[in-house]
Amino acid sequence: MKKKIFTKDNLIFFLILNLGLIFTAIGISIFKTPNHFAFGGTSGLSIILSTLFPKWNVGAFMWIVNAALVVLGFFFLGIRSMGWTIYSSFALSFYVSACEVIYPLSFPLTHDVFLELCFAVILPAVGAAMVFNVGASTGGTDIVAMILHKYTSLEIGRALLVSDLGIVLIAAYLYGAQTGLYCILGMILKCTVVDSAIESLNLRKVCTIISKYPDQVEDFIINDLHRSATEQNAFGVYTKQEQKVLMTVLTRSETNRLRIHLRQIDPHAFITIVNSSEIIGKGFRSI
């Protein structure tokens with residue numbers, strides 16, 4: 001039996017992947033390039049190369065750099081190991097080139113450098129978080145990381161940090177100390193914002209409920225919220241009575257609906273709510 005390619009899940013995956021790449025491309029072409037914010041990676045290297053060779057723009061150099069990295073990936077990793085990295089590398093180059101054609105900028109969009117830095121960090125970070133969240137990558141230096149992981153014992157994060165720092169130092173030499181310092185700040189913020197964005201996208205609420213009416217709560221969770229729950233028998237130390245404890249994982253809006261329902265049926269119910277960004281299993285992220 002043939003596996004269906006055009007399914008709803010595959011379509012959602014493809015849309016989120018491309019939307020993340022578009023956000024990244026906008027951040028590169030509208031905010032990074034005019035300000036010479038070379039934080040590292042293929043975009044940072046392309047910004048430097050476009051300055052050294054002004055006949056070619058950033059989008060063109062991204063095509064060249066990403067193509068070279070894909071060839072390296074074929075040679076050292078094989079096509080099967082590359083997966084969606086091949087598509088992401090060329091799609092991001094295409095979107096950057098498209099942005100440069102649709103909205104070309106010779107100078108920064110505003111006169112506020114820090115405001116531009118914020119958007120130069122946030123847009124690609126959110127885009128990268130969306131791409132990582134569906135299990136893909138934005139290509140580029142991810143290929144280098146995959147090669148290093150396979151053939152050396154070098155710590156990948158440290159190796160990529162060193163390469164990014166090298167690009168930042170070249171940017172400081174070409175564009176001045178102020179731009180160099182902004183690049184260093186952007187490089188630091190980028191990692192923090194990406195992690196925060198991924199956690200926000202995956203944020204779920206782990207709810208533990210103790211109520212006099214556990215059956216009604218279970219019925220609401222299953223039939224109204226269309227979720228499941230785990231039931232445990234417990235013993236109240238203060239009341240000296242046996243009672244049921246329910247544990248369920250919900251989204252933010254579902255948690256609010258559960259609180260409203262508990263307020264109506266049992267105002268004295270006890271509920272603890274804990275944030276979690278790593279919920280893996282049926283109904284959430286797959287293993």
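The dialogue below takes up one feature at a time.

Q: Before we look at details, what kind of model is this, and how many helices and strands does the protein chain have?
A: This is a predicted model, and the secondary structure of its protein chain comes to eleven helices and four strands. Of the 287 residues in the chain, 41% count as buried. Among the contacts with a separation of 6 or more, 72% are accounted for by residues 24 or more positions apart.

Q: How should I read a helix, taking helix 6 as the case?
A: The general idea is that an α-helix has 3.6 residues a turn, so residues three or four places apart point the same way. Helix 6 covers residues 113-133, and its 21 residues reach 30 Å from the first C-alpha to the last, which is close to the 30 Å expected at 1.5 Å a residue. At the start of this helix, a side-chain oxygen of Asp112 comes to within 3.2 Å of the backbone nitrogen of Phe114.

Q: What does Ala197 touch, leaving aside residues up to four places away in sequence?
A: Ala197, which is found in helix 9 (residues 177-202), touches Ala125, Val126 and Ala129. The C-alpha atoms of Ala197 and Val126 are separated by 5.9 Å, although these residues lie 71 residues apart along the chain. Ala197 counts as buried because its relative accessibility is 15%, and buried means under 20%.

Q: How do I read a charged residue such as Lys32, and is Lys32 buried or exposed?
A: The general idea is that side chains of opposite charge can pair when their charged atoms come close. Lys32, whose place is in helix 1 (residues 8-35), is buried yet has no salt bridge, and the nearest side chain of opposite charge, that of Asp164, is 9.0 Å away. A salt bridge requires the nitrogen and oxygen atoms to be within 4 Å.

Q: How many salt bridges does a search of the whole structure find?
A: The search finds three. In one of them, the side chains of Asp215 and Lys244 meet at 3.8 Å, N to O. That pair links distant parts of the chain, with Asp215 in helix 10 (residues 214-224) and Lys244 in strand 3, 29 residues apart. Asp215 counts as exposed because its relative accessibility is 51%, whereas Lys244, at 29%, counts as partly exposed.

Q: With which residue does Glu231 form a salt bridge?
A: Glu231 pairs with Lys244, the closest N and O atoms being 3.8 Å apart. Through shared partners, salt bridges join Asp215, Glu231 and Lys244 into one network.

Q: What is the salt-bridge partner of Glu254?
A: The side chain of Glu254 meets that of Arg227 at 3.2 Å, N to O. This pair also links distant parts of the chain, 27 residues apart, with Glu254 in helix 11 (residues 252-265) and Arg227 in the loop between helix 10 and strand 2. Glu254 is buried, with a relative accessible area of 12%.

Q: How do I read the pairing of strands, and in which sense do strand 2 and strand 3 pair?
A: The idea is to look for bridges between two strands and for the direction in which the strands run. Strand 2 (residues 230-235) pairs with strand 3 in the antiparallel sense over six bridges, and within this pairing the bridge partner of Gln232 is Val245. Strand 1 (residues 204-210) is likewise joined to strand 3 (residues 242-250) by six bridges, again antiparallel, and Lys205 stands opposite Leu250.

Q: Where is a positive phi found?
A: In the hairpin of strand 2 and strand 3, which has six residues between the strands, Lys240 takes a positive phi near 60°. His36 has a positive phi of about 60° although it is not a glycine, and His36 is found in the loop between helix 1 and helix 2. His226, also not a glycine, has a positive phi of about 55°, and its place is in the loop between helix 10 and strand 2. His226 counts as exposed at 63% relative accessibility, whereas His36 is partly exposed, with a relative accessible area of 29%.

Technical notes. Residues numbered from 1 in each chain as written. Predicted model: local features only at pLDDT ≥ 70, side-chain atom pairs only at ≥ 80, totals over all residues. Heavy atoms only, no water. Buried < 20%, exposed > 50% of the residue type's maximum accessible area, 1.4 Å probe, protein only. Lys, Arg positive; Asp, Glu negative; His and termini not counted. Expected span 1.5 Å × (residues − 1). Polar contact = N/O pair within 3.5 Å; in protein donor to acceptor, adjacent residues only side chain to side chain. Pairing = 2+ DSSP bridges. Contact = heavy atoms within 4.5 Å.
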